[in-house]
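I opened my notebook for a new structure today and wrote down each thing I looked up.

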Amino acid sequence: MYKRIIPRLDIKGPNLVKGISLEGLRTLGSPEFFSTKYYEDEADEIIYHDVVASLYDRKTLFKLIKQTSKNCFIPLSVSGGIRSVRDIENVLKNGGDKVFLNSAALKNPQIINDSIKEFGSSTIGISIEVSFSPSGTYFLLYNYGRELSNRDIYDWISEIQDRGAGEISITSVNHDGYGEGMNLKFLDKIHKKIRVPLIYHGGVGSFQDAYDVLKYDKVNAISISSCFHYNEIMKKKFKFIELDEGNYDFLSGDREKLKFKTFSIIQLKRYLKKKKIKVRL
Amino acid sequence: MAKALIIDLKLNNIGSVIESFKKIDVECTTKLTKKNIDSADFLVLPGVGSFPAGMKYIKQNKIDVIIKKFSKSKQKKIVGICLGMQLLFEKSNELGLTTQGLSLIKGKVVNLNTKLKPNNKSLIPNIGWHQINVKNRDKLFYRKINKQNYYFIHSYCVETKYSKDISSYIKLDGKKIISSVQRENIFGFQFHPEKSGKKGSFLLKSFVSSFVK
């Protein structure tokens with residue numbers, strides 16, 4: 001089994017966006033442009049996360065999924081705003097392959113069981129947004145880090161697996177977008193509880209960071225945004241079209257000032273292979 | 001141009017499957033009209049979904065009758081992908097109940113966790129890329145796909161009654177897990193060729209040129 005390297009694309013309306021700790025979203029361009037690049041660059045899978053998840057935007061999202069499935073012949077996971085069995089059916093029908101639930105599952109955990117009955121356990125993953133207080137207590141967020149759940153995060157991790165969720169994706173909100181290292185302490189705390197494939201997201205800023213996470217047995221995959229996105233944007237030939245919607249301050253400003261170590265998927269995979277992590281190359 | 005009849009179980013990744021066949025110039029239809037059924041060179045039963053939900057839909061819409069009739073013309077081919085392959089078998093115990101399958105291949109569908117016990121280290125569902133090992137390399141098609149990487153996503157696996165129906169396997173925790181089967185004109189892939197990048201597309205193309213037209 002190879003460990004998976006998954007570019008994660010946060011989507012707002014027609015745009016790819018990226019922020020810090022899920023806030024201050026910069027528009028980075030067209031999601032299709034990036035997903036096609038990543039497909040060519042040996043991505044093992046792609047995640048689309050709809051950050052607004054409003055009912056109004058659903059049509060735009062489904063159109064995007066459909067278009068992506070025409071260019072990218074690797075698995076496409078979709079998360080953000082999936083509320084019902086019907087929503088999942090729509091994602092799959094349009095070319096998505098699996099989904100991650102968050103808010104909907106926290107509100108009504110029975111949706112996990114119900115959707116598994118229809119689509120099988122391997123199609124239904126749960127995404128978890130984790131944050132911590134200065135005192136070191138971990139808690140669950142939802143709605144793209146905007147709301148706080150009163151459920152105990154450790155109980156929740158056990159419960160979703162008992163209910164049959166096929167995969168868990170963890171985003172460390174405090175680390176997201178900084179590229180200054182990950183939440184390994186939290187991984188240590190939950191590692192024993194994990195029985196299904198785990199995807200880690202948030203904080204990767206170097207090859208070494210990715211290695212440190214993938215060393216964990218149960219971390220089956222790592223999802224990365226900033227390093228990969230900025231790598232494309234910093235290329236001289238990168239061009240973008242300004243749409244009516246979006247925050248273009250970053251793209252139209254001085255991109256050279258960006259302090260972020262960037263790399264491509266293939267570059268990362270070559271490094272990991274050298275370090276004896278099994279990756280598909 | 002080869003023609004494919006893609007079965008839409010309303011719970012599978014039908015979009016991806018159609019796109020990947022279109023990409024290799026296969027004409028696709030999902031409408032189960034007599035004309036489409038008669039003119040199709042092969043029938044595809046795609047993956048994703050639970051076994052009981054898949055069979056329920058097949059029975060309710062009498063698709064089992066269509067598939068069984070289709071399988072009788074030996075020049076026509078049937079391809080099951082992931083759950084679609086599992087549905088070709090006699091029975092499954094997914095979700096803790098025994099459900100009868102299409103019985104086109106002898107054998108059953110079992111839980112991967114149970115299968116791997118007691119030495120299981122793998123996280124189930126088995127999600128990710130594996131290199132497959134082809135069992136019988138007589139046919140050019142199988143030589144072409146041997147040792148290639150394909151994308152898997154499943155919590156159940158098949159056990160065949162006849163070992164000659166096994167065409168390839170992967171290894172999980174030291175155990176052989178069947179990754180593809182063939183019995184005469186019936187083919188099954190546990191992995192998703194339509195989601196396995198350029199190698200997957202190459203497999204589909206080779207399949208069509210080797211067995212269909």
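**Entry 1: what kind of model**
I noted at the start that this is a predicted model.

**Entry 2: chain A overall**
I began with the secondary structure of chain A and found eleven helices and twelve strands. Along the principal axes, its C-alpha atoms fill a box of roughly 50 × 40 × 40 Å.

Next I looked at burial and found that 63% of the 281 residues of chain A count as buried. I also checked the contacts with a separation of 6 or more: 69% of these in chain A join residues 24 or more positions apart.

The accessible surface of chain A came out at about 11,600 Å², and carbon and sulfur atoms hold 48% of it. For the charges, I counted 44 positive and 35 negative in chain A, with their mean positions 5 Å apart.

I then picked A:Ile160, which sits in helix α6 of chain A, residues 153-162. Its relative accessible area is 0%, so A:Ile160 is buried. What does A:Ile160 contact beyond its neighbours within four places in sequence? I found A:Ile112, A:Ile126, A:Ile128, A:Ala165 and A:Ile168. I also looked up A:Gly125, which is 35 residues from A:Ile160 in sequence, with the two C-alpha atoms 9.0 Å apart.

A:Ile157 belongs to helix α6 of chain A too. As a reminder to myself, an α-helix has 3.6 residues a turn, so residues three or four places apart point the same way. A:Ile157 is buried, again with a relative accessible area of 0%. Leaving out residues up to four places away in sequence, A:Ile157 touches A:Ile128, A:Ile168, A:Phe186, A:Ile190, A:Lys193 and A:Ile194. The C-alpha atom of A:Ile157 is 9.2 Å from that of A:Ile126, 31 residues away along the chain.

**Entry 3: helix α1 of chain B**
The buried ones are B:Ile14, B:Gly15, B:Ser16, B:Val17, B:Ile18, B:Glu19, B:Ser20 and B:Phe21.

I wanted to know what covers them, and both chains turned up. From chain A, the buried residues pack against α2 (58-71) and α3 (85-93). From chain B, they pack against β1 (3-6), β2 (27-29), β3 (42-45) and α8 (197-212). Just after this helix, I noticed that B:Asp25 takes a positive phi of about 65°.

**Entry 4: cysteines**
How many disulfides does the structure hold over all chains? I found zero. To see why, I followed two cysteines, using the cut-off of 2.5 Å between sulfur atoms. For B:Cys28, the closest cysteine sulfur is that of A:Cys72 at 19 Å, which is too far for a bond. B:Cys28 counts as partly exposed, at 23% relative accessibility. For B:Cys157, the closest cysteine sulfur is in B:Cys82, and at 11 Å that is also too far for a bond. B:Cys157 counts as buried, at 1% relative accessibility.

Notes:
Residues numbered from 1 in each chain as written. Chains lettered and ligands numbered in written order. Predicted model: local features only at pLDDT ≥ 70, side-chain atom pairs only at ≥ 80, totals over all residues. Heavy atoms only, no water. Buried < 20%, exposed > 50% of the residue type's maximum accessible area, 1.4 Å probe, protein only. Helix = DSSP H or I, 4+ residues; strand = E, 2+ residues; numbered from the N terminus. Contact = heavy atoms within 4.5 Å. Areas by Shrake-Rupley, 256 points an atom, 1.4 Å probe, with all protein chains shown as cover. Lys, Arg positive; Asp, Glu negative; His and termini not counted. Charge placed at Lys NZ, Arg CZ, Asp CG, Glu CD.
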